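Subject: The structure you asked to look at

Hi,

Here is the structure I said I would pass on.

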Amino acid sequence: MARTSAYNEKYHAPWAWSLAVEGLDMKTIAERMGVSKRTLERWRRDYPAMDEALSQGRDIADSRVQKSLYERAVGYEATETKQTVQIGRDGAPQPVRVETTKKHIPGDVGAQAIWLKNRKGWRDKPPDVPQEGASISKQIAEAWKKRVKAGPGDEA
């Protein structure tokens, strides 16, 4: 018969939260805690504090990734510090000048595509192929209107 692991809410729930905040998956969290994945899943099912700790930790990690993806998609400001160093007579490096510059990192098309696909149901191809004889731009605009009315994931 397998040994059952003793759950301690004051100890295990905060520990699980701290591991989940790091973005670790359930298998890795279980390994770090020294229990099987099955035990961790049972604790999550049987103890609301454990379920809440894991859920909150994972939500925080997901939010950090979402924020980073958003910043990468729209662009952001970054500060870069450059230090010029000279070697002194004694061979020790001596700082001569420190330059701090602010840079604008432009939005990344790949991050924009990921954001739009996940948040707006966007596709790489237009939803409908234009018909012959009509204005292509008008047909594309109408196709997109149909798509918006239908909602993400629905076919117009």
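Predicted model: local features only at pLDDT ≥ 70, side-chain atom pairs only at ≥ 80, totals over all residues.

Below is what I found in it, taken topic by topic.

**The core**

I would start with the nonpolar core. The largest one has 16 residues. Those with the most contacts inside it are Ile29, Met33, Val35, Leu40, Trp43, Met50 and Leu54. The elements that give two or more residues to this core are α1 (9–21), α2 (26–33), α3 and α4 (48–74). As a bit of background, nonpolar side chains in soluble globular proteins tend to be buried together.

Not counting residues up to four places away in sequence, Leu40 touches Met26, Ile29, Ala30, Met33, Val35, Met50 and Leu54.

Take α2 to begin with. Its buried residues are Met26, Ile29, Ala30 and Met33. Looking down the axis of α2, you find these buried residues within an arc of 100°, so they line one face of the helix. They pack against α1, α3 and α4. On the face of α2 turned away from that buried side sit the exposed residues Lys27 and Glu31. After α2 comes Gly34, which has a positive phi, near 75°.

Now α3, which covers residues 37–46. Which of its residues are buried? They are Thr39, Leu40 and Trp43. Seen down the axis of α3, the buried residues fall within an arc of 100°, so here too one face of the helix is lined by them. The cover over the buried residues of α3 includes α1, α2 and α4. The exposed residues Arg38 and Arg45 are carried on the face of α3 turned away from its buried side.

**Salt bridges**

Side chains of opposite charge can pair when their charged atoms come close. How many salt bridges are there in this model? The count comes to 7, and I picked out a few for you.

- Lys37 and Glu41 meet through their side chains at 3.8 Å, N to O. Both lie in helix α3, 4 residues apart, which is about one turn of the helix. Lys37 is partly exposed, with a relative accessible area of 40%, and Glu41 is partly exposed at 38%.
- Arg44 forms a salt bridge with Asp51, and the closest N and O atoms are 2.7 Å apart. Arg44 has a relative accessible area of 22%, so it counts as partly exposed. Asp51 is partly exposed too, with a value of 31%.
- Arg97 and Glu99 form a salt bridge through their side chains at 3.4 Å, N to O. Arg97 counts as partly exposed at 47% relative accessibility, and Glu99 counts as partly exposed at 29%.

**Aromatic rings**

A pair of aromatic rings is described by the distance of the centres and the angle of the planes. This structure holds 4 aromatic pairs. One of them is formed by Tyr11 and Trp15 and is tilted, with 5.4 Å centre to centre and 55° between the planes. Tyr11 and Trp15 are 4 residues apart in helix α1, which means that about one helical turn separates them. Tyr11 is partly exposed, with a relative accessible area of 47%; Trp15 is partly exposed as well, at 26%.

There is also an aromatic cluster, formed by Tyr7, Trp43 and Tyr47. You have met Trp43 already: it is one of the buried residues of α3, and it is listed among the residues with the most contacts inside the largest nonpolar core.

**A look at one strand residue**

Last, have a look at Gln94, which is placed in strand β2 (residues 93–105). Is Gln94 buried or partly exposed? Its relative accessible area is 40%, so Gln94 is partly exposed. Leaving aside its neighbours within four places in sequence, Gln94 is in contact with Thr84, Val85, Gln86 and Gly88. Thr84 is 10 residues away from Gln94 in sequence, and their C-alpha atoms are 8.7 Å apart in space.

That's what I have for now. Happy browsing!

Key. Residues numbered from 1 in each chain as written. Heavy atoms only, no water. Buried < 20%, exposed > 50% of the residue type's maximum accessible area, 1.4 Å probe, protein only. Contact = heavy atoms within 4.5 Å. Salt bridge = Lys/Arg side-chain N within 4 Å of Asp/Glu carboxyl O. Core = buried A, V, L, I, M, F, W, Y, C linked by side-chain atoms within 4.5 Å. Arc of directions from axis to C-beta. Phe/Tyr/Trp six-rings, centres within 6.5 Å; stacked < 30°, edge-to-face > 60°.
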